[in-house]
Amino acid sequence: MSTDRTFLGRLSLPERRHLTDALRTETVGGVLLLLAAVAALVWANTFHDSYEAVSDFHIGPASLGLDLSIEHWAADGLLAIFFFVAGIELKRELVAGELRDPKAAALPVIAAICGMATPALVYVLVNTVGGGSLDGWAVPTATDIAFALAVLAVIGTSLPSALRAFLLTLAVVDDLFAILIIAVFFTSDLNFAALGGAFAGLALFWFLLRKEVRGWYVYVPLALVIWALMYNSGVHATIAGVAMGLMLRCTTREGEEHSPGEHVEHLVRPLSAGVAVPLFALFSAGVAMSSEALRDVFTQPVTLGVVLGLVVGKAVGIFGGTWLTARFTRAELNPQLAWPDVFAVATLAGIGFTVSLLIGELAFVGDPALTDEVKAAVLMGSLIAAACAALLLKLRVRKYQLLVAEEDRDDDQDGIPDVYEEGTAAYHLRMADILERKAAEHRERARLAGAPRDGADRPA
């Protein structure tokens, strides 16, 4: 059947280059995130008292309502940087990326919605049957893109760019809905004076951007004030980061090589991926693990719901949403890929580390013991999802390597992969010139190979 669109088809060259740059930083950040998580577990299980003492150490001006523990500074402060970058990335996708076209955006949006609704339903079902708490329904709904890309970095980087873009775009949409969940369901009693001040600060931030006022010394202090007001308002402070990220312009104008949003993202992303998220993991993933705790993960309804939500709910939801979109629209899957490839990526999206840990803390804020159990469940579910995805991707690695080699082929040696130029006359003229030079070289070699050597018998 003919089709007007192809799911997971080839990216445009600018989009592919942006994706490569983003993945490079995210992958390094993901490896640091893995190391931080391991360090947190070792620290918490070897020197538990010192870990608790450092995590609970309070610092900050109490008069401004900011006398917070180190753990809270990591969750409410450093993660605001992470969500600021997520806001820029979402804005870029909306105006210049995969989400700018409603038809193209349908796939990752539907996949993300299904990939969040299904884990929540799995959690609710498990806890309804088992008599557990329904407060943690949102814990297994998030995908940690940095952790997922770190897994890709460990098992190989031969995943085709279309699948990588699908995973990245899916995670951006996932982040948006996670932000909405945090804002709607985990907002405490509102301080309307502080909230009004935060909105006034955001309005000033937007006004300065529109007037093209430049200088970090203007925006950084203003961003800190907006963050502090948002924190004191009762709305989770990370919302301030998202809002400011969405305000940046992510389209280029005449004479600009990069938009302001891309420039700021380029500067801040290493801080987010390399510092903010790993430090959050260091002070959030430190859970005391024991044989009893691991047994409880698979026997208690709350923790079992989290594990099954991440491992089963994410994979089934994302794969099912993608397949249904393909089934009931005129679009078809890229013929170079197979549905098992999509299922492998859907399984990889079950790694719900950073935001899942954050939502777990918010959902069970009054119960430290249950919070630690939920954290253990998030770690276990993410580990299982990573192992399953690694196995599925390894089974197809030879196919991926061939696809990537074809994507990167540059026979005319102009620095642009041939797949982006094969429809142009200039490409074929360059190739004709290259082949003619090679043909002349081989004719010369044939002549020399057939010429008589000194001392050899010459033909009569």
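I took a nonpolar core to be a set of buried Ala, Val, Leu, Ile, Met, Phe, Trp, Tyr and Cys residues joined through side-chain atoms within 4.5 Å. Buried means under 20% relative accessible area, exposed over 50%, and partly exposed in between (1.4 Å probe, protein chains only).

**Entry 1. Basis**

I worked on a predicted model, in which local features need pLDDT of at least 70, side-chain atom pairs count only at pLDDT 80 or more, and totals for chains, interfaces and linings use all residues. Residues are numbered from 1 along each chain as its sequence is written, and side-chain values use heavy atoms, with hydrogens and water left out.

**Entry 2. The chain overall**

I looked up the secondary structure and found 17 helices and four strands in the protein chain. Helices (H or I, at least four residues) and strands (E, at least two) are DSSP runs, numbered from the N terminus. Of the 460 residues, 48% count as buried. The accessible surface comes to about 22000 Å², and 64% of this belongs to carbon and sulfur atoms; the areas come from the Shrake-Rupley method with a 1.4 Å probe, and for residues only the protein chains shown count as cover. I then turned to contacts (heavy atoms within 4.5 Å). Among those between residues at least 6 apart in sequence, 77% join residues at least 24 apart.

**Entry 3. Cores**

Which residues touch the most other members of the largest nonpolar core? Of its 96 residues, I noted Phe 83, Phe 205, Val 306, Ile 351, Phe 353 and Val 374.

**Entry 4. Helix H9**

I checked helix H9 (residues 238–247) for burial. Eight of its 10 residues are buried, so H9 is largely enclosed by the rest of the structure. The buried residues are Thr 238, Ile 239, Ala 240, Gly 241, Val 242, Met 244, Gly 245 and Met 247.

**Entry 5. Aromatic pairs**

I counted rings of Phe, Tyr and Trp (its six-membered ring) as paired if their centres lie within 6.5 Å; planes under 30 degrees apart count as stacked, over 60 as edge-to-face and the rest as tilted. The search of the whole structure finds 10 aromatic pairs. One of them, Trp 227 with Tyr 231, is stacked, at 5.9 Å centre to centre and 20 degrees between the planes. Both residues lie in helix H8 (residues 216–233), four residues apart, about one turn of the helix.

I next examined Phe 319 and Phe 343, an edge-to-face pair with 5.6 Å centre to centre and 85 degrees between the planes. Phe 319 lies in helix H12 (residues 301–327) and Phe 343 in helix H13 (residues 339–348), so the pair ties together parts that are 24 residues apart in sequence. Phe 319 is partly exposed at 23% relative accessible area, and Phe 343 is partly exposed at 32%. I also recorded one aromatic cluster formed by Trp 43, Tyr 51 and Phe 283.

**Entry 6. Salt bridges**

With a salt bridge taken as a side-chain nitrogen of Lys or Arg within 4 Å of a carboxyl oxygen of Asp or Glu, I found 11 in the whole structure. In the bridge between Arg 253 and Glu 212, the closest N and O atoms are 2.3 Å apart. Arg 253 lies in the loop between H9 and helix H10 (260–284) and Glu 212 in the loop between helix H7 (192–210) and H8, so this pair ties together parts that are 41 residues apart in sequence. Arg 253 is partly exposed at 45% relative accessibility, and Glu 212 is partly exposed at 41%.

Are Arg 269 and Glu 265 buried or exposed? Arg 269 is buried at 5% relative accessibility, and Glu 265 is buried at 3%. Their closest N and O atoms are 2.1 Å apart in a salt bridge, and both residues lie in helix H10, four residues apart. Finally, I noted that Glu 71, Glu 361 and Lys 375 are linked in a network of salt bridges.
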